[in-house]
Amino acid sequence: MSMRWAVESQSSGHVVRISGSITEEADLHALVALGDGGTLRLDLAGVDEINSCGVREWIRFVRRVSETARGLELVRCSPAIVRQLNMVSNFRGAGQVTSVMLPYYCASCGTEQEQLLEVPEGGSPPQIPTSITCRHCGGAAEFDDLPDSYMGFVGLMHAEGPP
Ligand SMILES: [Zn+2]
């Protein structure tokens with residue numbers, strides 16, 4: 001599924017909700033001027049894939065946002081986005097990551113679900129609950145990634161300081 005986006009108005013301002021796959025065909029440039037001209041807030045919970053060409057386009061996009069002197073905030077980053085944050089040092093550019101989605105898998109019924117985790121400003125990364133209640137069967141859904149490294153980008157974010 002190719003990338004789609006929609007602008008939503010919330011009490012805290014505009015948010016651009018992005019979903020699907022970010023590839024070389026994704027028109028990220030269209031997003032640069034969206035919203036009210038203040039901080040560009042992107043909701044990335046629906047992004048299920050980003051390929052290597054998509055990463056290149058994304059980094060170009062992030063750089064262009066900072067050239068417009070707008071702030072950039074990444075909220076509800078999906079596991080696919082978190083993977084890139086951990087692997088690609090300039091993936092977020094000058095952007096701030098304020099929350100991520102944690103993937104969970106229930107081995108008894110096979111249900112996958114995600115849970116929001118807020119990323120506090122400054123300080124150490126928040127604890128990841130190793131298991132949560134499965135919304136389908138009520139059993140224990142286990143965290144479905146590497147708990148020691150999933151939030152690794154938070155340390156990098158604070159070590160670098162403001163741009
Ligand atoms: Zn279950």
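1. Leaving aside neighbours within four places in sequence, L44 is in contact with I18, L74, R76, C77, S78 and I81, where contact means that the C-beta atoms of two residues, placed from the backbone, lie within 7 Å. This is a predicted model, in which local features need pLDDT of at least 70 and side-chain atom pairs count only at pLDDT 80 or more, while totals for chains, interfaces and linings use all residues. Residues are numbered from 1 along each chain as its sequence is written.

2. L44, C77 and L85 are the residues with the most contacts inside the largest nonpolar core, which has 32 residues. A nonpolar core is a set of buried Ala, Val, Leu, Ile, Met, Phe, Trp, Tyr and Cys residues joined through C-beta atoms within 7 Å; a residue counts as buried if 20 or more other C-beta atoms lie within 10 Å of its own, as exposed if 12 or fewer do, and as partly exposed in between. The elements that give two or more residues to this core are β2, β3, α1, β4, α2, β6 and α3 (152–160). Helices (H or I, at least four residues) and strands (E, at least two) are DSSP runs, numbered from the N terminus.

3. The open sheet consists of five strands in the order β1-β2-β3-β4-β5, with mixed pairing, and two strands are said to pair if DSSP finds at least two bridges between them. At the edges stand β1 (4–10) and β5 (96–97), each of which pairs on one side only.

4. Strands β2 (residues 13–22) and β3 (residues 40–50) are joined in the parallel sense by six bridges; in β3, G46 is the bridge partner of S19, and I50 is that of I22. Strand β3 also runs parallel to β4 (residues 72–75), with four bridges between them, and L74 in β4 is the bridge partner of L42. From β3 the chain passes through helix α1 (residues 52–67) to β4, and this β-α-β crossover is right-handed, meaning that, with the strands pointing away from the viewer, the path from the first strand over the helix to the second runs clockwise.

5. Helix α2 (residues 79–87) lies across β3 and β5, and runs at about 100° to β3; axes are lines fitted to C-alpha atoms, for helices over the stretch in contact, and angles run from 0 to 180 degrees between N-to-C directions.

6. P103, located in strand β6 (residues 99–106), is partly exposed because 19 other C-beta atoms lie within 10 Å. Its contacts, leaving aside neighbours within four places in sequence, are P79, E112, E114, D144 and D145. P103 and P79 are 24 residues apart along the chain, yet their C-alpha atoms are separated by 6.8 Å.
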